[in-house]
Amino acid sequence: MSTAHARIWVGVDAGKGHHWAVALDADGGSLFSTKVINDEAQILTLIETARERASEVRWAVDISGRSSTLLLALLIAHGQQVVYVPGRTVNRMSAAYKGEGKTDARDARVIADQARMRRDFAPLDTPPELVSTLQLLTNYRADLITDRVRLVNRLRDLLVGICPALERAFDYSAAKGPVVMLTEYQTPAALRRIGVKRLTTWLERRKVRGAGDVAARAVEAAQAQMTSLPGEKRAVRMVGDLAHQLLALDERIKDNDREIRETFRADDRAEIIESMPGMGPILGAEFVAIVGDLSGYRDAGRLASHAGLAPVARDSGRRTGNYHRPKRYNRRLRHIFYMAAQTAMMRPGPSRDYYLRKRSEGLLHTQALLSLARRRVDVLWAMLRDKRLFTSAAPVTQAA
């Protein structure tokens with residue numbers, strides 16, 4: 001018969017198909033080690049087993065993404081305390097334990113032991129429905145953008161094998177008109193046959209902006225090459241197929257962006273976030289998807305640290321004041337503040353004034369932008385805390 005403990009720690013090495021759970025007592029002794037299928041019934045059985053062993057159970061997981069969604073939802077629904085142990089920590093601390101093998105059971109034990117010894121891991125909670133929706137939409141958008149970059153690169157690579165001049169003539173990642181043209185006309189011979197006038201009419205029927213300029217540049221590039229290159233017939237079909245895929249993908253990205261804007265603007269903080277120069281609905285939605293309700297941050301400094309905008313000390317002995325860029329931070333959150341700062345810097349206002357002042361102090365462009373991004377973290381934090389819109393002037397207080 002099992003002995004009840006005052007408190008135990010259960011570490012879960014999460015996975016898509018199954019999890020592995022290991023429970024430790026206050027002395028680090030193993031109470032059980034078991035494989036759990038990623039299924040509601042088996043996870044509930046695990047929760048009951050752990051609760052029978054102790055009056056208080058502390059849970060720790062190494063993944064807070066989609067594969068652990070069901071696990072976290074059931075744990076939180078049953079009033080369990082869960083903390084997040086980063087995979088980086090698990091990987092590094094594994095070397096301090098006996099043996100060199102790597103198994104799910106070993107990782108789960110490391111997770112439980114770290115949660116037992118440390119008290120600085122971030123607690124986990126189920127995000128609100130709006131935040132969860134934004135997480136799905138923004139992650140999906142990132143996948144679509146990645147697919148688009150891949151399609152454009154493949155398209156340009158194939159065009160070089162057909163007509164290098166035509167590949168150089170347009171920026172296919174930024175202009176829709178040339179991509180529309182490539183759905184039908186991909187070779188120099190075909191472009192020379194149709195000519196500028198007929199190609200302009202063909203593009204205008206498909207509502208291409210600047211159809212005349214696109215047609216003229218395409219025919220000019222075609223006239224620079226009279227030789228048909230090897231493999232052209234097969235490459236032509238592939239270019240046409242990629243052009244159709246790229247246009248369809250652009251429509252999917254537009255639909256996704258529209259849904260992101262609608263969902264984001266349903267949040268009470270959307271107007272405040274968008275009032276800050278450089279923070280549009282897409283960057284604002286990604287910000288909310290990452291930080292949630294900001295309850296996980298004690299102050300603006302913690303938020304800046306999560307974004308990698310707070311330098312960390314590298315002091316040793318008599319070497320002091322030696323600061324470096326951190327290595328562990330959220331890359332997406334840093335990208336949000338960096339892009340917002342870069343957009344705001346290009347327009348007249350306090351952000352540009354601050355950027356120019358930092359440049360005059362001798363900072364490089366990237367350094368000045370990061371400094372501006374760090375300052376804007378404080379501004380955004382104060383705006384969300386006080387629930388007020390951005391203003392370039394200090395608020396005026398009326399005398400009593």
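Modeller: Two strands pair if DSSP finds at least two bridges between them. Helices (H or I, at least four residues) and strands (E, at least two) are DSSP runs, numbered from the N terminus. This is a predicted model, in which local features need pLDDT of at least 70, side-chain atom pairs count only at pLDDT 80 or more, and totals for chains, interfaces and linings use all residues. Residues are numbered from 1 along each chain as its sequence is written, and side-chain values use heavy atoms, with hydrogens and water left out.

Colleague: Do strand 1 and strand 4 run parallel or antiparallel, and how many bridges join them?

Modeller: Strand 1 (residues 5-13) and strand 4 (residues 54-61) run parallel and are joined by 7 bridges. Within that pair, A54 of strand 4 is opposite H5. Strand 1 also pairs with strand 2 (residues 18-24), antiparallel, through 5 bridges. On that side G11 faces V22 of strand 2, and W9 has L24 as its bridge partner. A hairpin of 4 residues connects strand 1 to strand 2.

Colleague: How many bridges join strand 2 to strand 3?

Modeller: There are 7, and the two strands run antiparallel.

Colleague: In what order do the strands form the open sheet?

Modeller: The order is 3-2-1-4-5-6, with 6 strands and mixed pairing. Strand 3 (30-37) and strand 6 are at the edges; each has a single partner strand, so one side of each has no neighbour in the sheet.

Colleague: Which residues other than glycine have a positive phi, L294 being one?

Modeller: Most residues other than glycine have a negative phi, and most peptide bonds are trans. L294 is an exception here, with phi near 70 degrees. K207 also has a positive phi, about 60 degrees, and is not a glycine. K207 sits in the loop between helix 8 (188-205) and helix 9 (211-223), while L294 sits in the loop between helix 12 and helix 13. A further case is K387, which follows helix 16 and has a positive phi near 55 degrees.

Colleague: Is L294 buried or exposed?

Modeller: The classes are buried (under 20% relative accessible area), exposed (over 50%) and partly exposed (in between), with a 1.4 Å probe and protein chains only. L294 has a relative accessible area of 12%, so it is buried. K207, at 77%, is exposed. R325, in the loop between strand 8 (323-324) and helix 14, is exposed at 55%. G301, in helix 13, is partly exposed at 30%.

Colleague: How many Å separate the C-alpha atoms of R325 and V160?

Modeller: The separation is 40 Å, for residues 165 apart along the chain. G301 and V131, 170 residues apart in sequence, are 23 Å apart from C-alpha to C-alpha.

Colleague: Which residues have the most contacts inside the largest nonpolar core?

Modeller: In soluble globular proteins, nonpolar side chains tend to be buried together. A nonpolar core is a set of buried Ala, Val, Leu, Ile, Met, Phe, Trp, Tyr and Cys residues joined through side-chain atoms within 4.5 Å. The largest one here has 42 residues, and F287, L303 and F337 have the most contacts inside it. Elements giving two or more residues to this core include helix 10 (232-264), helix 14 (331-345) and helix 15 (350-360). Helix 16 gives the most, 10 residues.

Colleague: What should the 22 residues of helix 16 span?

Modeller: The expected span of a helix is 1.5 Å times one less than its number of residues. For helix 16 (residues 365-386) that is 32 Å, and the end C-alpha atoms are 32 Å apart, which agrees.

Colleague: How many residues line the largest pocket?

Modeller: A pocket is an open set of points on a 1 Å grid over the protein atoms alone, where a 1.4 Å probe fits, with protein on both sides within 12 Å along at least five of seven lines; lining residues have an atom within 4 Å of a point. The largest pocket has 50 of them, and S64, Y84, L124, I290 and H306 lie nearest its centre. Its space is about 2,500 Å³, a volume being the space filled by probe spheres set on the points, which are joined across faces, edges and corners. Helix 5 supplies the largest share of the lining, 7 residues. Other elements supplying at least two residues include helix 2 (69-77), helix 3 (87-93) and helix 12 (281-291).

Colleague: How many residues of the lining are nonpolar, polar and charged?

Modeller: Ala, Val, Leu, Ile, Met, Phe, Trp, Tyr, Cys and Pro count as nonpolar, Asp, Glu, Lys and Arg as charged, and the others, Gly among them, as polar. The lining of the largest pocket has 20 nonpolar, 16 polar and 14 charged residues.
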